[in-house]
Amino acid sequence: MDGQNLSSDIRPEEIPDGFTTAGPNSATTQGSENGSIAQKKDAQRQAALEQVLTPDALARLGTIKLVKPDRASAVEGLIVSMAMSGKLPGRINEGKLIEMLEGIGAKQQQTRSTINIQRKQYAFDSDSGSDFDDDDLL
C-alpha cells in the first residue's frame with residue numbers, strides 16, 4: 001500500500017452506502033453535468049428575456065434582482081412562460097414591467113399569513129371596564 005492507488009485496495013463491500021471511490025484525477029461527472037444543464041437553462045432564460053424586454057426594462061429587472069431576488073425570479077418566470085406561449089404582443093417596456101412587479105407583489109402580500117393573538121380570559125377577569133379604575137379605591 002504505497003498511497004498512490006488507495007481506491008484499488010478497498011473492496012466494494014467495505015464502502016458504506018452512498019459513498020463511492022474516486023481516483024485522484026476523476027471528477028464528479030454527474031455534478032458537472034447538472035451544472036452544465038443549469039447553465040444552459042439560465043442562458044436560454046437570459047436570451048429569452050433579452051429578446052422580450054427593452055434595455056431599460058432589462059436594467060430595471062437586474063436592479064430588482066439585487067434587492068428582491070425572489071420577486072425578480074417570479075417575474076422572469078412569468079415573462080418567459082408568456083413568451084414561450086406566444087401571449088406577448090410585443091416587447092415589454094419598463095412601465096409594463098413595473099405593473100407586473102406590482103401585481104406579483106400584491107399577490108405575495110395576499111398569501112402572507114397573519115398572526116392573531118388571543119388573550120386567555122380567566123374567571124376573575126371582567127369583560128367590561130378596565131382593571132385600573134381608581135374610583136373603587138375611594
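What follows is a conversation about the terms applied to this structure and the values behind them.

Guide: This is a predicted model, in which local features need pLDDT of at least 70 and side-chain atom pairs count only at pLDDT 80 or more, while totals for chains, interfaces and linings use all residues. Residues are numbered from 1 along each chain as its sequence is written, and side-chain values use heavy atoms, with hydrogens and water left out.

Visitor: How many helices and strands are there in the protein chain?

Guide: The protein chain has five helices and zero strands, where helices (H or I, at least four residues) and strands (E, at least two) are DSSP runs numbered from the N terminus. Read from the N terminus on, the elements run α-α-α-α-α.

Visitor: Why is Glu76 called buried?

Guide: Buried means under 20% relative accessible area, exposed over 50% and partly exposed in between, with a 1.4 Å probe and protein chains only. Glu76 has a relative accessibility of 7%, and therefore counts as buried. This residue lies in helix α4, residues 69–85, and, not counting residues up to four places away in sequence, touches Arg45, Leu49, Leu61 and Lys65, contact meaning heavy atoms within 4.5 Å.

Visitor: What makes the buried residues of α4 lie on the same side?

Guide: In α4, the buried residues are Arg71, Ala72, Val75, Glu76, Ile79 and Val80. They cover an arc of only 165° around the axis, so they are on the same side of α4; the arc is that of the directions from the helix axis to the C-beta atoms. The face turned away from the buried side of α4 carries the exposed residues Asp70 and Met84.

Visitor: Which residues of α3 are buried, and why are they placed on the same side?

Guide: Ala57, Leu61 and Ile64 are the buried residues of α3. Because they cover an arc of only 65° around the axis, they are put on the same side of α3. On the other side of α3, the residues Pro55, Asp56 and Leu66 are exposed.

Visitor: How do the spans of α3 and α4 stand against what is expected?

Guide: The expected span of a helix is 1.5 Å times one less than its number of residues. With 13 residues, α3 reaches 19 Å from its first C-alpha to its last, close to the 18 Å expected. With 17 residues, α4 reaches 24 Å from its first C-alpha to its last, close to the 24 Å expected.

Visitor: Why is α3 called oblique to α4?

Guide: Helix α3 (residues 55–67) and α4 pack at an angle of about 140°, with their axes 6 Å apart. Since angles under 35 degrees count as roughly parallel, over 145 as roughly antiparallel, 65 to 115 as roughly perpendicular and the rest as oblique, the angle makes α3 oblique to α4. The axes themselves are lines fitted to C-alpha atoms, for helices over the stretch in contact, and angles run from 0 to 180 degrees between N-to-C directions.

Visitor: Which residues of α3 meet which residues of α4?

Guide: Leu61, Ile64, Lys65 and Val67 in α3 meet Pro69, Ala72, Val75 and Glu76 in α4. The residues of this contact divide into six nonpolar, no polar and two charged, where Ala, Val, Leu, Ile, Met, Phe, Trp, Tyr, Cys and Pro count as nonpolar, Asp, Glu, Lys and Arg as charged, and the others, Gly among them, as polar.

Visitor: How do you know that Leu53 is buried, and where is this residue placed?

Guide: Leu53 has a relative accessible area of 1%, and is therefore buried; its place is in the loop between α2 (29–52) and α3. Leaving aside neighbours within four places in sequence, Leu53 is in contact with Leu58, Leu61, Ile79, Arg91 and Ile92.

Visitor: What makes Ile92 buried?

Guide: The relative accessible area of Ile92 is 4%, so Ile92 is buried, and its place is in the loop between α4 and α5 (94–111). The C-alpha atoms of Ile92 and Leu53, 39 residues apart along the chain, are separated by 4.8 Å.
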